[in-house]
Amino acid sequence: MTVQDTTIPRPLPRFRGVDHKTLILIPPGIMLLIFFLCPFLIMGAVSFYYRVPDGFYEPDFVLTNYAAFFDPVFLTALGRSLTLCAVISVVCVSLAMPFTYLVSQMRRGIQVPIVILLLCILTLSEVILGFSWTILLSRTAGASNVLVWLGILDRPISYYPSRVAIMIAMLHFCFPFAVLTIYPPISRFDRSLPEAAATLGAGPIRAFFTVVIPALRGTIISALVLVFVFALGAYLFPQMLGRPADWTLSVLITDQAIYKSNIPFAAAMSVFLCIICFALILGVGKLTKKTEG
Amino acid sequence: MTTLTLEHVWKRFGSFEALKDVNLNLPSGKMITFLGPSGSGKSTLFRLVAGLDDASEGNIRFDGEDVTRHPAHKRNVGMVFQNYALFPHLNVWENISYGLKLQKRPKAERRARAEELLELIKLPHIADRSIKQLSGGQQQRVSIARALAKEPRLFLLDEPLSALDAKLREHMQTELCDLQQTLGITTIVVTHDQREAMTMSDVVVVIDQGEIQQVGSPLEIYREPATAFVADFVGSSTLLEGIARSDGTFEFNGQSLKVTMPDWVSRDLTPGLLCLRPEQLRLAQQSAQTQNTIDVDVSLIRDLGSEIEVQARAGAYEFLVKETSGQPLGYGVGDKMRLQIPETAHLIRA
């Protein structure tokens, strides 16, 4: 009896009829409220404020900030952002999928160092990665010097600012996240599925595309969304490695808020960006649930 | 109908030899089992036959054609995996016709073939169900149908009954045998369950420590085990260590037992193991004047209702004797008795 008494956890004290599970959720709930929901609501409110020309803003309820979305400048920026992020997420996941699949088939002794290496990339901040790429793609010290040395180029050139430079840096930044999202489901993936496909006449590449990819489509979709949202939020890379014409929505928001002091318009764009992200995550959640029965 | 031949097949994993010089010649259209304990190399051998692993050395032939270097997808074998390995993103009929789709057969033909196979496995009307809606037994049948869709040269089943509950297992066992007989396809089943192997197969291949111990019909395996391992692994037996003499006696513990000598006893004083099966043995009273007996002490009597199991001991040896239940035994635990050894007892080369 005494042994049992010590092993059964005593019921946690109830606080005014609220049970402990709810109590535990209160501190993080308060945190979320203060540091996430409140700023968001303030931002939402500000997005309807009136911007005083050549001044700051005053409380009001106007829709001009949202109406500004129909400005072709904004629409092209939006389209550019979404395309850039979509391309990055597709390229990133298409690289990460076979990479992770191959890594997961290696011996444990090789898998672990590779995963550690990927985690190392995560310790580097966006700023460090961005500056590293400005050096690597520069004329004076960049990769083109190697090409010159190899005799492929006549003289070194600079590869940035350009859209390709933005993409390379973003890929570098997002790749570990994509791999780490895909890695657990792939390492848990039933190896007998591709083997079954093989006995039914599918070569390794065919089995990969007809069995491994479709069976992992839920994972792939979540990795795509993760990278997409990540890329949509990145604002340092486009600024450091791109021209103003390549700027994405995040950069435009920063630009409006800080340099043009048009806080209401920046807030409206932020709300819009948030809505896009939410819609994507929800939509994908529904989609993967449906496909996985 | 395919004959399977393995010639000097070796498989090494680093310095570990999983298969050592395996030679096999298996007849076509038969039910064959690879029987062995876990880690015996039976699954390795099975995977080599399927083409999922490469042999380190030696040749594998289907109908004489060398397929050693053919990967799995070029061998046309139908395999049922232990966990069924059904494709989760495809429904039942798409799973079954996956192999046909790879061959770019028209949809109507694929659908027809899938339905024909569903009929064969006695699960019509489930063609459009998703895999997750099926029970374990149904999944296994679908996996069988999928393996048979392309009319494979060999039908391979990896521990097909291990995941099923006892009742379903017996049912599936007979059904598999029926299926094999209807199709007449060369079938290989891997199992560690000796009863399963004995009841299902035409040919049993007993494997231990990467070596083929014996190939034969279930009765041969049981009655004339080739090695001590086979005698021990298949059914229960007591092995007496002794020396075979050319005059037809087996010397054991200073006693001479009269035994029919197999051909391999060519010279006097050949060491051998006498294999005694419970149903061959009888216990007699000490007063009875019988030849070919060993003095034993009865150590345990267990009435199972259908039969009585009697354990008797002589030195380090323990014997199991089966008596009919419902009749008085005429002896009890602790009694000294005489164990009658039949002349037909099988002698194994030591």
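Mentor: Chain A has 14 helices and two strands, where helices (H or I, at least four residues) and strands (E, at least two) are DSSP runs numbered from the N terminus. This is a predicted model: local features need pLDDT of at least 70, side-chain atom pairs count only at pLDDT 80 or more, and totals for chains, interfaces and linings use all residues. Residues are numbered from 1 along each chain as its sequence is written, while chains are lettered from A and ligands numbered from 1 in the order in which they are written.

Trainee: Why is chain A described as more spread out than a compact globule?
Mentor: Its radius of gyration, taken over C-alpha atoms, is 25 Å, well over the 19 Å that the globule rule (2.2 Å times the number of residues to the power 0.38) gives for 293 residues, so chain A is more spread out than a compact globule.

Trainee: And what box do its C-alpha atoms fill?
Mentor: Along the principal axes, the box for chain A is roughly 75 × 75 × 35 Å.

Trainee: New topic: which residues touch the most other members of the largest nonpolar core?
Mentor: Of its 152 residues, these are A:Met170, A:Val227, B:Val49 and B:Leu156. Such a core is a set of buried Ala, Val, Leu, Ile, Met, Phe, Trp, Tyr and Cys residues joined through C-beta atoms within 7 Å; buried means that 20 or more other C-beta atoms, placed from the backbone, lie within 10 Å of a residue's own.

Trainee: Which helix gives the most to this core?
Mentor: Helix α8 (residues 163-188) of chain A does, with 12 residues.

Definitions and conventions. A residue is buried if 20 or more other C-beta atoms lie within 10 Å of its own, exposed if 12 or fewer, and partly exposed in between; C-beta atoms are placed from the backbone.
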